[in-house]
Amino acid sequence: MDDASSTSKGKRKRGRKHKAAAGNHASASPDATVTAASDNPAPAAAGRRGGKSRRHEAPADADASRPPSPPRRGETKPVANGGDAVVEAGPVGWDEVARVVPSMDAVVKVFCVHTEPNFSLPWQRKRQYSSSSSGFIIGGRRVLTNAHSVEHYTQVKLKKRGSDTKYLATVLAIGTECDIALLTVDDDEFWEGVSPVEFGSLPALQDAVTVVGYPIGGDTISVTSGVVSRIEILSYVHGSTELLGLQIDAAINSGNSGGPAFNDRGKCVGIAFQSLKHEDAENIGYVIPTPVIMHFIQDYEKSGEYTGFPILGVEWQKMENPDLRKAMGMKPDQKGVRVRRVEPTAPESGCLQPSDIILSFDGIDIANDGTVPFRHGERIGFSYLVSQKYTGEKALVKVLRNSKVHEFKIKLATHKRLVAAHVKGRPPSYYIVAGFVFAAVSVPYLRSEYGKDYEYDAPVKLLVKHLHAMAQTPDEQLVVVSQVLVADINIGYEEIVNTQVLSFNGQPVKNLKNLVTMVENCKDEFLKFDLEYDQIVVLETKTAKAATQDILTTHCIPSAMSDDLKT
């Protein structure tokens, strides 16, 4: 979890200098803030929000230069995975005490240097900054941490507990949706004397958990304990997704990001990644559970890269109203959810239709409120079943259509959003002609332009497309005139900002690359851009192309277009 934080209405990513936002948690009031446990940029004044007294976490180990007094015979010592260890009679050495909690030696501190892209000025990057977070060693000479801990990285280093050496790490995969990253270290010395963490099963309610990491308040390892208080589908702030998550009452503070959560048997049951900050809430933290972690690891092992979590590309409606069920032709013993819309780019669009009733997924019946059975006495959203599948796998979906039951084998995939939630580490694309800066809209772009409260401050038309519009083709983008670099040729157009481009010379604009191709190959006398709000921009072709280089030179811009758009 990061030391620096960004707060806003609803769930907010915290730490790291860029701002991230997500929807409100169902159980939180509108001004509650969920912060992603992120890297720990420069040391900040410790203390809790609202002027409350600061609550420190006791470090699990003292400074190596001044070890505390050895345990006395018969003394009860707390262990990292919960419970106590009784020291047997007789002299006890420090090596024996260290072996009581071997899992803690696998927890490492992650140091990262970030260089974020500048979406408002896409031809340059922001000033680099450093952060620190937590991680832990697993089998196969690999290290797990959070995705937001190493996002936009330029250098990542790891330091083991009790070591004074930082080892250069390589990022193998970043799972943006699940907020998990996989690292490795080439130096053999890093792996000497360390046992990898073992994973346990999904814990039950009230099971004890111990979170280990390197939060603010000190430089040594820290341990906080609590219990599992809730298991449900959570909104992942960094990933802008909804996946299975654990709510715990152990303190998760800045720097805990990526640290393991152990059960009372020393097995890892999750990764700390975000917390709830609200004046009426205390010690509400969230942990990525082992089913999500194992899905990420196995996905990487299968394909050699992270392919993502598939989703069922439909919007659905609850069927709790009895009159609605009767109107849709459902029998008294039938339950399910109604399909409102189907993503045009989703494989489901070939078989599912609006007003279909989804009765079951892979043989598991779906209730009228959209939940399915989950362990004893618990229910969970049926999206959990979808998230358990892998990209490219098939699922059996039973639907009710016109009072008849149909079954479809659907190949699951990750779907293309019209306004992308992430750019997956790639620099933003842009194109400049005659001072007009064209860009594709994404959530990072909106956040850069309008700040952490972009859901309230961005233009309504852009927000409507972000929240409700669906891409008609896999390569469709929302292209806008980001800004106009003032020059003689564009007099009168200076006030155009973040306005969607609908067509060029009468041809619809599908994406940014399509616009570049049409402009570069234009043989007409004029360049005519049709914008929203019934605006028209007309430029003389030869003059516009000739003036472009002068404008770029005046504003010190290296190129008229990003590398991935060059022909």
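Modeller: Happy to; here is a short tour, from the whole chain down to single residues. This is a predicted model, so local features need pLDDT of at least 70 and side-chain atom pairs count only at pLDDT 80 or more, while totals for chains, interfaces and linings use all residues. Residues are numbered from 1 along each chain as its sequence is written, and side-chain values use heavy atoms, with hydrogens and water left out.

Colleague: How many helices and strands does the chain have?

Modeller: There are 9 helices and 32 strands. Both are DSSP runs numbered from the N terminus, helices being H or I with at least four residues and strands E with at least two.

Colleague: And what share of the residues is buried?

Modeller: Of the 567 residues in the chain, 53% are buried. Buried means under 20% relative accessible area, exposed means over 50%, and partly exposed lies in between (1.4 Å probe, protein chains only).

Colleague: Which strands close into a barrel?

Modeller: The barrel has 6 strands, in the order 6-7-8-11-10-9, with antiparallel pairing. From one strand to the next, the twist averages 40 degrees; axes are lines fitted to C-alpha atoms (for helices over the stretch in contact), and angles run from 0 to 180 degrees between N-to-C directions. Two strands pair if DSSP finds at least two bridges between them.

Colleague: How many bridges link strand 9 and strand 10?

Modeller: Strand 9 (residues 153-160) and strand 10 (residues 167-175) share 2 bridges, in the antiparallel sense. Lys 157 sits opposite Leu 168 of strand 10.

Colleague: What about His 152, where is that?

Modeller: His 152 lies in the loop between strand 8 (142-145) and strand 9. Its phi is positive, about 55 degrees, although it is not a glycine. His 152 is also buried, with a relative accessible area of 15%.

Colleague: Now Ala 434: is that residue buried or exposed?

Modeller: Ala 434 is buried, at 0% relative accessible area. Ala 434 is in the loop between strand 26 (430-433) and strand 27 (436-440), and its phi is positive too, near 55 degrees.

Colleague: Changing topic, why is strand 12 largely enclosed by the rest of the structure?

Modeller: Because 5 of the 6 residues of strand 12 (residues 208-213) are buried. Strand 12 runs antiparallel to strand 13 (residues 222-236), joined by 6 bridges, and Val 211 has Thr 224 as its bridge partner there. Strand 12 is also joined to strand 15 (residues 260-262) by 2 bridges, again antiparallel, with Thr 210 opposite Phe 262.

Colleague: Last one: what is Lys 335 in contact with?

Modeller: Leaving aside neighbours within four places in sequence, Lys 335 is in contact with Met 330, Ile 358, Leu 359, Ile 366, Ala 367 and Asn 368, where contact means heavy atoms within 4.5 Å. Lys 335 and Ile 366 are 31 residues apart in sequence and 6.5 Å apart in space, C-alpha to C-alpha.
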